[in-house]
Amino acid sequence: MIKTPIKNKVNVVFIPVEDVVKAQEWYSKYLGLSEGEFHQGHLFVAEMEGTGVILDSMPAWREEGEALPILKAPVIQFATDDIHESYEFMKENGIELVTDVQFDHFCF
């Protein structure tokens, strides 16, 4: 087993949605969500027990009016204490990275 800065823990699952407000209303109704926050006009971070859920209309991944992209892999966020160390670790191990570290917080 190799030493890794990436924790064996899923922090968040991202769910792509066409309309983040309608999705927030639907998930709130059927999951009984009473808490959460909208961010940047396209994200809703649901207050969940355990692993978090983020509803995302994904504007950075499509042009205005385009359909959501077909995702070919799960969109999950693993935990780490150091995103930069984790990014370098993934690069050094040949993991395909779509972005560099974004907002000093995550990468794809």
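**Exercise 1.** How many bridges join strand 3 to strand 4, and do the two run parallel or antiparallel?

*Solution.* The model is predicted: local features need pLDDT of at least 70, side-chain atom pairs count only at pLDDT 80 or more, and totals for chains, interfaces and linings use all residues. Residues are numbered from 1 along each chain as its sequence is written, and side-chain values use heavy atoms, leaving out hydrogens and water.

Step 1: locate strand 3 at residues 43-46 and strand 4 at residues 52-56; strands are DSSP runs of E with at least two residues, helices runs of H or I with at least four, numbered from the N terminus.
Step 2: four bridges join these strands, which run antiparallel; pairing requires at least two DSSP bridges.
Step 3: valine 45 has isoleucine 54 of strand 4 as its bridge partner.

**Exercise 2.** Find the strands that stand at the edges of the sheet.

*Solution.* Step 1: the open sheet has five strands in the order 2-3-4-1-5, with mixed pairing.
Step 2: strand 2 (36-39) and strand 5 (76-80) are at the edges; each has a single partner strand, so one side of each lacks a neighbour in the sheet.

**Exercise 3.** Describe the surroundings of threonine 99.

*Solution.* Step 1: threonine 99 is in the segment after helix 2 (83-92).
Step 2: threonine 99 counts as buried because its relative accessibility is 17%, buried being under 20% relative accessible area, exposed over 50% and partly exposed in between (1.4 Å probe, protein chains only).
Step 3: leaving aside residues up to four places away in sequence, threonine 99 touches Tyr87, Cys107 and Phe108, where contact means heavy atoms within 4.5 Å.
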